[in-house]
Amino acid sequence: MAKKAVMVWGGWEGHEPKQCVEVFAPILEEEGFEVTISDTLDTYKDRDLMLEQDLVVPTWTMGAIEGEQEQGLLNAIDSGVGVAGWHGCMGDSFRNNTNYQFMVGGQWVAHPDGITDYTVNITSDDPIVAGLEDFAMHSEQYYMHTDPGNEVLATTTFAGRESAPWVNGTVMPVVWKRQWGKGRVFYSSLGHVAADFAVSEAREIQRRGMVWASR
């Protein structure tokens with residue numbers, strides 16, 4: 001029986017939510033998932049649909065989520081539905097909703113100097129990153145407020161940032177996993193735009209993270 005995943009996209013278009021869904025929906029299908037794609041947060045209110053999913057991939061930057069929508073998402077994860085996402089499409093959503101941020105395990109607060117060159121350092125032998133070497137990105141280097149309870153799999157170190165020199169030397173989590181109730185949570189801060197996933201390591205980490213998070 002095929003696993004089921006729902007991808008809900010929208011919000012700020014600068015993060016190319018629709019284009020990113022178009023990158024990962026086929027990858028999930030190759031992994032054996034039956035994928036439902038939606039562009040409305042009301043999907044989270046459909047209790048029957050949500051509880052029959054194995055994975056939810058939230059792809060929505062900023063915006064506002066209503067109480068019933070948020071609760072539908074969080075209840076599904078709490079019951080055992082996995083959740084996996086990336087960059088601002090999961091880590092900068094619904095800035096007024098601290099329970100959502102508590103589930104994610106972090107919240108974006110800055111990307112000093114905008115698009116820049118940085119290195120992602122693999123810091124774990126977890127299967128999500130096993131066999132991958134440190135790699136370079138040319139994108140936004142996310143500075144985040146993160147939960148110390150996260151299991152961090154990769155980090156980045158800020159260096160040479162002119163707009164916020166006080167962060168230089170800071171080691172920042174990039175990839176982590178955690179629990180929310182019975183649900184597995186996976187997050188990667190990579191993927192400002194769809195083209196960032198042309199970096200094979202960024203794409204592979206996201207693929208493995210989605211598969212791991214699945215119920």
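Q: A strand is a DSSP run of E with at least two residues. In this predicted model, which strand holds W180?
A: W180 lies in β10, the run of residues 171-180.

Q: Why is W180 called buried?
A: Buried means under 20% relative accessible area. W180 has 15%, so W180 is buried.

Q: What is W180 in contact with, beyond its neighbours within four places in sequence?
A: Contact means heavy atoms within 4.5 Å. By that test W180 is in contact with L74, I77, D78, N99, F102, M103 and V185.

Q: How many residues apart along the chain are W180 and V21, and what separates their C-alpha atoms?
A: They are 159 residues apart along the chain. Their C-alpha atoms are separated by 23 Å.

Q: Which residues of α3 are buried?
A: Q69, E70, G72, L73, L74, A76 and I77 are buried in α3.

Q: What covers the buried residues of α3?
A: The cover includes helices α2 (47-51) and α5 (98-104). It also includes strands β3 (55-61), β4 (82-86), β10 and β11 (183-188).

Q: How do you know that the span of α6 agrees with its residue count?
A: The expected span is 1.5 Å times one less than the number of residues. For the 14 residues of α6 that gives 20 Å, and the end C-alpha atoms are 20 Å apart, so the two agree.

Q: What makes α1 oblique to α6?
A: The axes of α1 (residues 17-30) and α6 (residues 200-213) come within 11 Å and cross at roughly 50°. Roughly parallel needs an angle under 35 degrees, and roughly perpendicular starts at 65. The angle falls between those limits, so α1 is oblique to α6. The crossing is right-handed.

Q: Which residues make the contact of α1 with α6?
A: F24, I27 and L28 come from α1. R203, Q206, R207 and M210 come from α6. They divide into four nonpolar, one polar and two charged.

Q: Which residues of α6 are buried?
A: A202, I205, Q206, R208, G209, M210, W212 and A213 are buried. Q206 and M210 are also in the contact with α1.

Q: Why is E16 called partly exposed?
A: Partly exposed lies between buried, under 20%, and exposed, over 50%. E16 has 24%, so E16 is partly exposed. E16 is found in the loop between β1 (3-11) and α1. Its phi is near 50°, positive in a residue other than glycine.

Q: What makes D113 partly exposed?
A: D113 has a relative accessible area of 31%, so D113 falls between the 20% and 50% cut-offs. D113 is found in the loop between β5 (106-110) and β6 (115-122). Its phi is near 70°, again positive in a residue other than glycine.

Q: How do you know that G10 is buried?
A: G10 lies in strand β1. Its relative accessible area is 8%, under the 20% cut-off, so G10 is buried. Not counting residues up to four places away in sequence, G10 touches P17, T59, W60 and T61. The C-alpha atoms of G10 and C89 are separated by 8.5 Å, at 79 residues apart along the chain.

Technical notes:
Residues are numbered from 1 along each chain as its sequence is written. This is a predicted model: local features need pLDDT of at least 70, side-chain atom pairs count only at pLDDT 80 or more; totals for chains, interfaces and linings use all residues. Side-chain values use heavy atoms; hydrogens and water are left out. Axes are lines fitted to C-alpha atoms, for helices over the stretch in contact, and angles run from 0 to 180 degrees between N-to-C directions. Helices (H or I, at least four residues) and strands (E, at least two) are DSSP runs, numbered from the N terminus. Angles under 35 degrees count as roughly parallel, over 145 as roughly antiparallel, 65 to 115 as roughly perpendicular and the rest as oblique. A crossing is left-handed if the near helix is turned anticlockwise from the far one by less than a right angle, and right-handed if clockwise. Ala, Val, Leu, Ile, Met, Phe, Trp, Tyr, Cys and Pro count as nonpolar, Asp, Glu, Lys and Arg as charged, and the others, Gly among them, as polar. Buried means under 20% relative accessible area, exposed over 50%, partly exposed in between (1.4 Å probe, protein chains only).
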